[in-house]
Amino acid sequence: MYILSVISFLLLGGFLLLAAMRFGVPSMVSDVYYQLQDCTGSEVIGDKRKRNYGWVFTAVIVTCAVLMMVCMLDTGKGVQFLAFLGCGGLMFVGAVPNYLDADAYPIHKGGAIVAAAGCVGWCMSVCWVPTAVIALIYLLLVSCSDDDERYKPVWYMAEVAGFLDVFLTYWVTDW
(Lines give C-alpha, C1' and ligand atoms only; values in the text may rest on other atoms or scores of the structure.)
Protein backbone atom coordinates (compact mmCIF):
# COMPACT_ATOMS: atom_id res chain seq x y z
CA MET A 1 0.00 0.00 0.00
CA TYR A 2 2.97 2.27 0.56
CA ILE A 3 3.61 2.25 -3.20
CA LEU A 4 0.04 3.44 -3.87
CA SER A 5 0.56 6.40 -1.53
CA VAL A 6 3.80 7.34 -3.29
CA ILE A 7 2.06 7.11 -6.68
CA SER A 8 -0.76 9.29 -5.38
CA PHE A 9 1.70 11.83 -3.94
CA LEU A 10 3.76 12.02 -7.13
CA LEU A 11 0.65 12.30 -9.29
CA LEU A 12 -0.92 15.10 -7.25
CA GLY A 13 2.35 16.88 -6.47
CA GLY A 14 3.55 16.71 -10.04
CA PHE A 15 0.20 17.90 -11.35
CA LEU A 16 0.08 20.90 -9.00
CA LEU A 17 3.74 21.73 -9.65
CA LEU A 18 3.32 21.62 -13.42
CA ALA A 19 0.14 23.71 -13.24
CA ALA A 20 1.87 26.31 -11.04
CA MET A 21 4.87 26.44 -13.36
CA ARG A 22 2.69 26.79 -16.46
CA PHE A 23 -0.06 29.11 -15.21
CA GLY A 24 1.22 30.53 -11.92
CA VAL A 25 0.04 29.73 -8.41
CA PRO A 26 -3.76 29.91 -8.31
CA SER A 27 -5.79 31.19 -5.37
CA MET A 28 -7.23 27.69 -4.77
CA VAL A 29 -6.42 24.19 -6.02
CA SER A 30 -9.79 24.06 -7.79
CA ASP A 31 -8.77 27.06 -9.91
CA VAL A 32 -6.41 24.73 -11.78
CA TYR A 33 -9.55 23.35 -13.47
CA TYR A 34 -10.32 26.76 -14.92
CA GLN A 35 -6.69 27.30 -15.88
CA LEU A 36 -6.84 24.07 -17.87
CA GLN A 37 -10.18 24.96 -19.47
CA ASP A 38 -9.36 28.45 -20.77
CA CYS A 39 -6.62 30.50 -22.47
CA THR A 40 -5.45 28.81 -25.67
CA GLY A 41 -6.73 25.95 -27.76
CA SER A 42 -9.21 25.28 -30.49
CA GLU A 43 -12.56 26.90 -29.72
CA VAL A 44 -12.51 30.71 -29.66
CA ILE A 45 -14.74 32.42 -27.09
CA GLY A 46 -14.48 36.19 -27.19
CA ASP A 47 -10.80 37.05 -27.13
CA LYS A 48 -9.83 33.78 -25.42
CA ARG A 49 -9.46 30.32 -26.86
CA LYS A 50 -11.03 27.41 -25.05
CA ARG A 51 -8.62 24.61 -24.11
CA ASN A 52 -10.98 21.92 -22.70
CA TYR A 53 -8.43 20.04 -20.59
CA GLY A 54 -10.39 20.39 -17.34
CA TRP A 55 -10.98 16.65 -17.39
CA VAL A 56 -7.32 16.20 -16.39
CA PHE A 57 -8.08 17.94 -13.08
CA THR A 58 -10.97 15.54 -12.48
CA ALA A 59 -8.87 12.50 -13.37
CA VAL A 60 -5.98 13.48 -11.09
CA ILE A 61 -8.11 14.43 -8.06
CA VAL A 62 -10.36 11.37 -8.24
CA THR A 63 -7.43 9.00 -8.83
CA CYS A 64 -5.48 10.43 -5.88
CA ALA A 65 -8.57 10.23 -3.65
CA VAL A 66 -9.22 6.59 -4.56
CA LEU A 67 -5.57 5.58 -4.08
CA MET A 68 -5.34 7.30 -0.71
CA MET A 69 -8.68 5.91 0.44
CA VAL A 70 -7.37 2.40 -0.14
CA CYS A 71 -4.16 3.23 1.75
CA MET A 72 -5.86 5.00 4.66
CA LEU A 73 -8.47 2.30 5.16
CA ASP A 74 -5.85 -0.44 4.91
CA THR A 75 -3.92 0.91 7.92
CA GLY A 76 -6.78 0.11 10.28
CA LYS A 77 -5.69 3.13 12.35
CA GLY A 78 -7.70 6.12 13.41
CA VAL A 79 -11.38 6.67 12.79
CA GLN A 80 -11.90 4.78 9.52
CA PHE A 81 -15.16 6.55 8.75
CA LEU A 82 -13.32 9.89 8.62
CA ALA A 83 -10.88 8.49 6.06
CA PHE A 84 -13.75 7.30 3.90
CA LEU A 85 -15.61 10.59 4.32
CA GLY A 86 -12.54 12.71 3.52
CA CYS A 87 -11.60 10.83 0.36
CA GLY A 88 -15.24 10.62 -0.72
CA GLY A 89 -15.58 14.39 -0.35
CA LEU A 90 -12.46 14.87 -2.45
CA MET A 91 -13.98 12.67 -5.15
CA PHE A 92 -17.00 15.00 -5.23
CA VAL A 93 -14.64 17.98 -5.61
CA GLY A 94 -12.98 16.27 -8.56
CA ALA A 95 -16.25 15.14 -10.10
CA VAL A 96 -17.79 18.63 -9.94
CA PRO A 97 -14.81 20.98 -10.45
CA ASN A 98 -16.63 23.93 -12.01
CA TYR A 99 -17.54 25.71 -8.78
CA LEU A 100 -18.32 28.98 -10.56
CA ASP A 101 -21.47 27.35 -11.97
CA ALA A 102 -24.39 28.09 -9.65
CA ASP A 103 -25.69 24.51 -9.85
CA ALA A 104 -22.31 22.92 -9.15
CA TYR A 105 -21.22 25.29 -6.38
CA PRO A 106 -23.06 23.65 -3.45
CA ILE A 107 -21.83 20.18 -4.40
CA HIS A 108 -18.24 21.36 -4.87
CA LYS A 109 -18.19 23.42 -1.68
CA GLY A 110 -19.87 20.67 0.34
CA GLY A 111 -17.39 18.11 -0.98
CA ALA A 112 -14.47 20.39 -0.13
CA ILE A 113 -15.68 20.96 3.43
CA VAL A 114 -16.35 17.25 3.97
CA ALA A 115 -12.95 16.37 2.47
CA ALA A 116 -11.10 18.83 4.70
CA ALA A 117 -12.93 17.81 7.86
CA GLY A 118 -12.68 14.10 7.12
CA CYS A 119 -9.03 14.00 6.13
CA VAL A 120 -7.75 16.30 8.87
CA GLY A 121 -10.00 14.49 11.36
CA TRP A 122 -8.51 11.15 10.31
CA CYS A 123 -5.01 12.56 10.62
CA MET A 124 -5.76 13.88 14.11
CA SER A 125 -7.24 10.54 15.16
CA VAL A 126 -4.16 8.66 13.98
CA CYS A 127 -1.33 10.93 15.12
CA TRP A 128 -1.71 14.63 15.89
CA VAL A 129 2.01 15.49 15.57
CA PRO A 130 2.24 15.85 11.74
CA THR A 131 -0.94 17.92 11.73
CA ALA A 132 0.40 20.24 14.42
CA VAL A 133 3.76 20.67 12.67
CA ILE A 134 2.14 21.40 9.31
CA ALA A 135 -0.33 23.84 10.90
CA LEU A 136 2.55 25.68 12.60
CA ILE A 137 4.56 25.89 9.37
CA TYR A 138 1.45 27.09 7.50
CA LEU A 139 0.79 29.81 10.07
CA LEU A 140 4.42 30.94 9.89
CA LEU A 141 4.33 31.08 6.09
CA VAL A 142 1.09 33.04 6.02
CA SER A 143 2.24 35.51 8.67
CA CYS A 144 5.64 36.05 7.01
CA SER A 145 4.38 36.50 3.44
CA ASP A 146 3.85 39.85 1.75
CA ASP A 147 0.80 41.93 2.57
CA ASP A 148 -0.06 42.15 -1.13
CA GLU A 149 -2.95 39.73 -1.73
CA ARG A 150 -1.72 38.83 -5.22
CA TYR A 151 1.29 37.10 -3.68
CA LYS A 152 -0.55 35.46 -0.80
CA PRO A 153 -2.49 32.39 -2.00
CA VAL A 154 -3.73 31.53 1.50
CA TRP A 155 -6.38 29.00 0.43
CA TYR A 156 -4.04 27.27 -1.98
CA MET A 157 -1.41 26.86 0.72
CA ALA A 158 -4.04 25.59 3.17
CA GLU A 159 -5.29 23.00 0.70
CA VAL A 160 -1.78 21.84 -0.17
CA ALA A 161 -1.00 21.66 3.57
CA GLY A 162 -4.07 19.45 4.03
CA PHE A 163 -2.93 17.10 1.27
CA LEU A 164 0.57 17.02 2.73
CA ASP A 165 -0.86 16.29 6.18
CA VAL A 166 -2.62 13.17 4.90
CA PHE A 167 0.47 11.87 3.12
CA LEU A 168 2.83 12.54 6.04
CA THR A 169 0.45 11.07 8.60
CA TYR A 170 0.07 7.94 6.51
CA TRP A 171 3.80 7.57 5.95
CA VAL A 172 4.70 8.24 9.60
CA THR A 173 2.16 5.78 10.98
CA ASP A 174 2.55 3.11 8.30
CA TRP A 175 6.16 2.36 9.20
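Thr-75 touches Gln-80, Trp-122, Tyr-170 and Asp-174, leaving out residues up to four places away in sequence. The model that shows these contacts is a predicted one. Thr-75 lies in helix 3. Its relative accessible area is 18%, under the 20% limit, so Thr-75 counts as buried. The side chain of Thr-75 also reaches back to the backbone oxygen of Met-72, at 2.7 Å. Met-72 is itself among the buried residues of helix 3. Helix 3 is followed by Gly-76, which has a positive phi, near 75 degrees.

Helix 3 has 22 residues, and from its first C-alpha to its last it reaches 33 Å, close to the 32 Å expected at 1.5 Å a residue. Its buried residues include Gly-54, Phe-57, Val-60, Ile-61, Cys-64, Ala-65, Leu-67 and Met-68. Among the elements that cover the buried residues of helix 3 are helix 1, helix 2, helix 4, helix 5 and helix 7.

What do these residues pack into? The largest nonpolar core has 33 residues, and Leu-12, Phe-57 and Met-68 have the most contacts inside it. Helix 1 (2–23), helix 2 (31–37), helix 3, helix 4, helix 5 and helix 7 each supply at least two residues of this core. Helix 3 gives the most, with nine residues. In soluble globular proteins, nonpolar side chains tend to be buried together. For Leu-12, the contacts beyond four places in sequence are with Val-60, Ile-61, Cys-64, Phe-163 and Phe-167.

Helix 4 is another of the contributors to the core. Helix 4 runs over residues 80–95, 16 residues in all, and reaches 23 Å between its first and last C-alpha, close to the expected 22 Å. The buried residues of helix 4 are Ala-83, Gly-86, Cys-87, Gly-88, Gly-89, Leu-90, Val-93 and Gly-94. They pack against helix 3 (54–75), helix 5 (105–126) and helix 7 (154–174).

Several cysteines have come up, which raises the matter of disulfides. A disulfide is a covalent bond between the sulfur atoms of two cysteines. With a cut-off of 2.5 Å between sulfur atoms, the count in this model comes to zero. Cys-123 shows the reasoning: its closest cysteine sulfur belongs to Cys-119 and is 6.7 Å away, so the distance is too far for a bond. Cys-123 has 0% relative accessibility and therefore counts as buried. Cys-64, the contact of Leu-12, is buried as well, at 4% relative accessibility.

With a relative accessible area of 14%, Asp-31 is buried. Its side chain and that of Ser-27 are joined by a polar contact of 2.5 Å. Apart from neighbours within four places in sequence, Asp-31 is in contact with Pro-26 and Tyr-99.

The protein averages 88, and 88% of the residues score at least 70. Over residues 40–44 the pLDDT stays under 50, and for this stretch the model has 14 contacts beyond four places in sequence.

Definitions and conventions
Residues are numbered from 1 along each chain as its sequence is written. This is a predicted model: local features need pLDDT of at least 70, side-chain atom pairs count only at pLDDT 80 or more; totals for chains, interfaces and linings use all residues. Side-chain values use heavy atoms; hydrogens and water are left out. Helices (H or I, at least four residues) and strands (E, at least two) are DSSP runs, numbered from the N terminus. The expected span of a helix is 1.5 Å times one less than its number of residues. Buried means under 20% relative accessible area, exposed over 50%, partly exposed in between (1.4 Å probe, protein chains only). Contact means heavy atoms within 4.5 Å. A nonpolar core is a set of buried Ala, Val, Leu, Ile, Met, Phe, Trp, Tyr and Cys residues joined through side-chain atoms within 4.5 Å. pLDDT is the predictor's confidence in each residue, from 0 to 100. A polar contact is a pair of N or O atoms within 3.5 Å; within protein, one must be able to donate a hydrogen and the other to accept it, and residues adjacent in sequence count only if both atoms are side-chain atoms.
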